Structures are given as structure tokens and as C-alpha cells.
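Here is a short tour of one structure, with a few local details worth a look. Please have the sequence and the 3D view at hand.

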Amino acid sequence: MAIKRVGILTSGGDCAGLNAVIRAVYAHARGHFGWEVVGIHNGTAGLLARPVEATALDDRVLGSDMLRQGGTILGTTNKGDPFAFPQEDGSHVDRSEEVIEGVRQLQLDALIGIGGDGSIAILRRLALQGGINLVAIPKTIDNDLGATEMSIGFETAVQTATAALDHLQPTAASHSRVMVLEVMGRDAGHIALSAGIAGGADVILIPEIPYKFAAIEAKLADLRKSGRNFALVVVAEAVKTESGEAITAVHGGGAKAMHTYGGIGHYIGAELAKRSGAETRVTVLGHVQRGGTPEPKDRVLGSAFGVHAVDLIAAGKYDRMVAWNARQVIDVPILDAIKGAATVDPQGTLVKTARGLGISFGD
Ligand code: F6P
């Protein structure tokens, strides 16, 4: 089939590097193949709207500074699963056919969906149901998509979390404090682990390794004995209380209420202060990990992913996700990427590295 028109959308939480992908897709699809590239607004929400919310991209994409910009110029959404769309009365309805009809109205020959595991799974379901030629691109600061070593946004989030530790350390040392930093990562501890190593943490708590306060206290006592007057503790947001309860925050109400992780840092900080007597402060880093200027690595990865996604369409290869593996961009069946979350391997290299450095996981 001769390709004339491809669509592109960003779905799920934003992250740094998405605009680099959009730019690369446009540059290669338009510049090399001469295709029209249609930018769909706000993920599947734009496809549900009537008229469909989308604009044909033009050369302004190349002339702009979007390579340097965080967020996504297309807008995105991480709510409103079209297969279970929330209603005002608390019920859910299946609006998938409306989304598919939206794609048909745009007369797309193929669709590039940039998302995390949840969004990509939804897009794949829509593609199978509606006969859409889908190519997926992995993005998530959580870096928990399967079948790729790296997702767009992770490097920038790690950089931000590391910078936070760099900023906390002088205050910790000046005031003889225990500083607790809560970082994002949904159900995976990748950000906490990498930033903790890079930022010189003494304790890293991640959901993949259960902890005990007694072990953290022992680590803090050892530090004190060695003459150290401060400690840095990094906690991934999905870490549970010592007895196993998740700490979450609710945003909004009714069927549209969103539950996210948030608050474990304060629990850990309060418990450590109580148990060890140390002066403790807590920083919850939150969404500053998602925006900001993309790190060069996220720009390079985004560019490589965007170009390869276009090449897949040119080759008629669909139901594939671009991925990073052993210094190369490759492509894999989408199913391989979404069949299970790629969480931290407790026996893996970085956990061993951290242990080798004397960092405690509280286990
Ligand atoms: O998946 C990305 C992520 O930033 C998670 O790390 C975090 O738990 C969640 O999204 C926050 O979602 P929201 O932007 O809806 O608060």
C-alpha cells in the first residue's frame, strides 16, 4: 500500500523527549518519504472529539526549538480509557468504536502512538479492533516497559532526581540531617536506583526489595559511628509501609477520581525521626521529574525512535514497537513490550553496584 498520510499521538503522562520524537517523525516522514503527518491532540481524547482534534504538521516543526522543549506539543492524557470511559454517574462505557471512527475520519494509512505500557496496550487493542496500522514508541519516566532497555523520558527524570540529591547533600551536611527524597516511578524503582547511585545516597528504598526499619536504623547508626553527620535516603513512590500498605493520593472525585502514589517519603521520614532521633526532612520531587529540558540522551533516543518508526511504516511492518537494545534501535512485537512490567531486578547489575558501594536497601 502506498502511504500518503500518517497520524501521530502522544498518550499517557508527558515526559521530556516527546517533542524530539514528533520532530524526528515529521523530518523523516515528510522530508524523506513526502508523507503528510497529522498530529492528533490529547491522545485518544482528540480522536473522541467531534470534529476530531488534529492538525497537519508543517515545516515549522523543523524550524522550532521543540527539540529543547519538555512536554508534548500535541498534548496528552493519562485518563479516559476508551474501553471503560468514565461517566458522570460513576459508571463506565465502551467508546472504542468512536475512537476508531475518529482515526477513519482522518483517513490515516498508519498511526504512530507514543506511550507507556497502559497507553500502548489500549492503542494496540484499538488497532486490532479497528484494523489500524499501528507502530508504537516507548516513553515513560518509569522505564518499566518490557522489551526495551530504555524509554524516552527516563534519563531526564534521573538527571532531575540526581540534581535534587546534589542540592540536598550540602544542606544535609550543614545541618546534620537525614534527608529523605521521594521520587516517582509508579511500580518500578528504576529512577530511585539510578539517581540514588548517581547522587551518593546512603539508603535506597524500592518496591522490588522489601525493607525493615531496623535495617535502615542500623545503616544510619553505622554512618554516625564512622563520623558522618548526615544521610541521604531515596524512596521510590511505590514503596509500601513496613506492614505492606500502599500510600496514595486521590485527585478529584467520582468516577473521574485519579489515584496516584504519593506520601511514602513523609511516612519514612517521620518513622526514621521517631526511631533514630535524627533531625529529618522530606522532599517530594513530584512532576518536576517529568518536564524540563530533555537530556541529550532523551533527544538522541527520541530521534532514533522517530526515524525507525517511520521506516517500519515504509516497510509495512505494523503491530511493532521500536526499542533500544545493545546500542541499536530495533523493533519488537508490541505484545512483548506490554505483557509484563520491567521492574528492577533485585539480582541485577545496578542493585549489585549499589550494594558494592555500601548503599543499604533496608533489607
Ligand atoms: O507514569 C509516569 C508517572 O509520572 C508516574 O511515575 C507517576 O506515578 C504518575 O505518572 C503520576 O501521574 P499524574 O501525572 O496523573 O499525577
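## Around helix H7

Just after H7, Gly 200 takes a positive phi of about 70°. This is a predicted model, in which local features need pLDDT of at least 70 and side-chain atom pairs count only at pLDDT 80 or more, while totals for chains, interfaces and linings use all residues. Residues are numbered from 1 along each chain as its sequence is written, and side-chain values use heavy atoms, leaving out hydrogens and water.

Helices (H or I, at least four residues) and strands (E, at least two) are DSSP runs, numbered from the N terminus. Seven of the nine residues of H7 (residues 190-198) are buried, so the helix is largely enclosed by the rest of the structure; buried means under 20% relative accessible area with a 1.4 Å probe, protein chains only. Among them are His 190, Ile 191 and Leu 193.

| Packing partner of H7 | Residues |
|---|---|
| Helix H6 | residues 154-175 |
| Strand E8 | residues 177-183 |
| Strand E9 | residues 203-205 |
| Strand E10 | residues 231-236 |
| Helix H12 | residues 349-356 |

Asp 144 is buried yet has no salt bridge (a side-chain nitrogen of Lys or Arg within 4 Å of a carboxyl oxygen of Asp or Glu). The nearest side chain of opposite charge, Arg 186, is 6.0 Å away. Leaving aside neighbours within four places in sequence, Asp 144 is in contact with Asp 117, Ala 188, Ala 341 and Ala 342.

How values were computed: Buried < 20%, exposed > 50% of the residue type's maximum accessible area, 1.4 Å probe, protein only. Contact = heavy atoms within 4.5 Å. Lys, Arg positive; Asp, Glu negative; His and termini not counted.
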